[in-house]
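Me: Hi! I'm new to this one and would like a friendly walk through it. Can we take it topic by topic?

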Amino acid sequence: MEFKTINEDITVSPQIAPSDLPEIAAAGYRSVICNRPDGEGADQPSFDEIAAAAANAGLQVRYLPIVSGTVTDQDAEDFGKALRELPGPVFAYCRTGTRSATLWSLSQAKRMAPADILQAAKAAGYDMAGVVRRIVNGGKTPTDEGDAKFDLVVVGGGAAGIAVSSSLKARKPNLTIAVIDPADVHYYQPGWTMVGGGIFEAESTARTMGSLIPKGVHWIKSAVAAFEPQNNAVILDGCRVVKYDRLIVCPGLKLNWGAVDGLVETLGKNGVTSNYRYDLAPYTWELVKGMKTGRALFTQPPMPIKCAGAPQKALYLSGDHWVRSGVLKNIDIQFMNAGGVLFGVKDYVPALEEYVKKYDATLNFFHNLIRVDGKAKTATFKVSKPETEASEVTVDFDMMHVCPPQCAPDFIRVSPLADAAGWVDVDQSTLRHKTYDNVWSLGDVMNAPNAKTAAAARIQAPVVANNVAADIDGKSPVSVYNGYGSCPLTVERGKIVLAEFGYGGTLLPSFPKWLIDGTKPTRAAWLLKEQILPPVYWKAMLRGKEWMAKPETVSAK
């Protein structure tokens, strides 16, 4: 007997025997649902045998037999009704448990988000891909799919999605392309560090999505609920279906604010801020300007996160302002890093350590933020140092800049496109999906071991565009991605350490050393960040103009 727990209210299982009922009762279950018709297998006990054993064990029981592969909408309603009527928790079974898991999934479709249903079933060992449209449709079988069909569908209208759409439209003008994204506004997120440092205005980092969708590309303003790559289909909220010949997946990351207890309730007040949100970056600058004394915490969660340097960028720009204002001696700066190093590429660490000394900041490694009490102005960290028993420490603060934990969006993590960790599973060189040949991914959501930065997406977009175009022409992939990422570390107002690197931490500088030595703080790198990169982003990258980003051709098969 197997206990495959979906949640605290329901567990499903393959076929059980009458002798299993005492153990089921002892485990705390109060009811049993049988979803297997009598007579399916020669070695199968009858429902009457199960019912008698259940009664002896003090369990209520219900018989809802379902022929394999024929779960109807009414069956799902009946299962949901049984869950409401029977005392819980409930133990349901069939031959393998799949019918019971399917019935539960469909019965909860009006109460739970599709991604939550799929995740719970997946965690119990059941793949609900075969009924995903019904789940999205509230548990009912769709009667009108209303299919739209495109040569190429791009999921995500962020930096990666708009850039790759523009690059492909330039290569294949007659290609029918659709970008799926529910957002009204597109943000230049690399600018938010500068907003938090008082250099940019927040409004300069925003444009309407409609103004950026490439000419001739369809914009489907909707959220994605699920994928059916085996049917070349994307399922939208409301169960609309968009079909494709080829798919590119790049929806960005989920900022998991709720993973830190108490954080959501205090963001934007009580001295708690984050440059990872458009509306909060100006609050960062307010706090920095107003702080004359006290303790400032800067947190960094476990990797991966987008722009791994952003948490310390906030520290450096804040420290620089306090130096210029003459108040640094009165401020205790603490960097609380869940990791064990200041920066993942060692060549840049010496320059950064000089600024840590300049701002008299204390480095606290292996400190992961788990709880915030905004009114009390305390933050609790789990401390997990190597070869040391984990502990918790609570620290007072006057200001705290938080970098939230991050993960792939829910609809990605539960999809057939994801690897075991929840990221889109691609070949790290071609960015083509390892299982589905007509699917590619780029940006923050795929699982190549590179830094998740806008600069990485700028290089990835032409690689994917080249390879998709080659595939359309019947050729093998022609371009490879070398893992390039860039992190302009704003160590002070007017100077930047321009970290540029690829897979394995290999340095990949874009400029000659006499112009910009990325391992040292330079004024030239600051000018690049402040004055050159924003227009390059808006006027080149998002328009398919591949300035310093043309991919290397490695094959012409």
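Me: By class, how many nonpolar, polar and charged residues does the lining of the largest cavity have?
Reply: The lining has seven nonpolar, two polar and three charged residues. Here Ala, Val, Leu, Ile, Met, Phe, Trp, Tyr, Cys and Pro count as nonpolar, Asp, Glu, Lys and Arg as charged, and the others, Gly among them, as polar. Bear in mind that this is a predicted model, where local features need pLDDT of at least 70, side-chain atom pairs count only at pLDDT 80 or more, and totals for chains, interfaces and linings use all residues. Residues are numbered from 1 along each chain as its sequence is written, and side-chain values use heavy atoms, with hydrogens and water left out.

Me: What counts as a cavity?
Reply: On a 1 Å grid over the protein atoms alone, a cavity is a set of points where a 1.4 Å probe fits but cannot get out, and lining residues have an atom within 4 Å of a point. Points are joined across faces, edges and corners, and the volume is the space filled by probe spheres set on them.

Me: How many are there of 30 Å³ or more?
Reply: Three. The largest holds about 70 Å³ of space. Twelve residues line the largest cavity, and Arg-458, Pro-462, Met-541, Lys-545 and Glu-546 lie nearest its centre.

Me: Which element gives the largest share of that lining?
Reply: Helix 14, with three residues. Helix 7 (159-171) and helix 14 (454-472) are the elements that give two or more residues to the lining. Helices (H or I, at least four residues) and strands (E, at least two) are DSSP runs, numbered from the N terminus.

Me: New topic: is strand 26 buried or exposed?
Reply: Six of the seven residues of strand 26 (residues 495-501) are buried, so the strand is largely enclosed by the rest of the structure. Buried means under 20% relative accessible area, exposed over 50%, and partly exposed in between (1.4 Å probe, protein chains only).

Me: And which strands does it pair with?
Reply: Strand 25 (residues 485-492) pairs with strand 26 in the antiparallel sense over six bridges, and Leu-489 stands opposite Val-497 there. Strand 27 (residues 521-522) also pairs with strand 26 in the antiparallel sense, over two bridges, with Ile-496 opposite Thr-522. Two strands pair if DSSP finds at least two bridges between them.

Me: What about the hairpin of strand 25 and strand 26?
Reply: Two residues lie between the strands, and Gly-494 takes a positive phi near 110°.

Me: Okay, rings now. How many aromatic pairs are in the whole structure?
Reply: A search finds 18. One of them joins Phe-47 and Tyr-63, stacked at 4.5 Å centre to centre with 20° between the planes. Rings of Phe, Tyr and Trp (its six-membered ring) pair if their centres lie within 6.5 Å; planes under 30 degrees apart count as stacked, over 60 as edge-to-face and the rest as tilted.

Me: Where do Phe-47 and Tyr-63 lie?
Reply: Phe-47 is in helix 2 (residues 47-56) and Tyr-63 in strand 4 (residues 60-63), so the pair ties together parts that are 16 residues apart in sequence. Phe-47 counts as buried at 12% relative accessibility, while Tyr-63 is partly exposed at 30%.

Me: Which charges sit over a ring?
Reply: Arg-277 lies over the face of Trp-257, at 5.7 Å from the ring centre, and Lys-452 over the face of Trp-423, at 4.5 Å. The rule asks for NZ of Lys or CZ of Arg within 6 Å of the ring centre and within 35 degrees of the ring normal.

Key. 1 Å grid on protein atoms, 1.4 Å probe; cavity = no way out; pocket = protein on both sides within 12 Å on 5 of 7 lines; lining within 4 Å.
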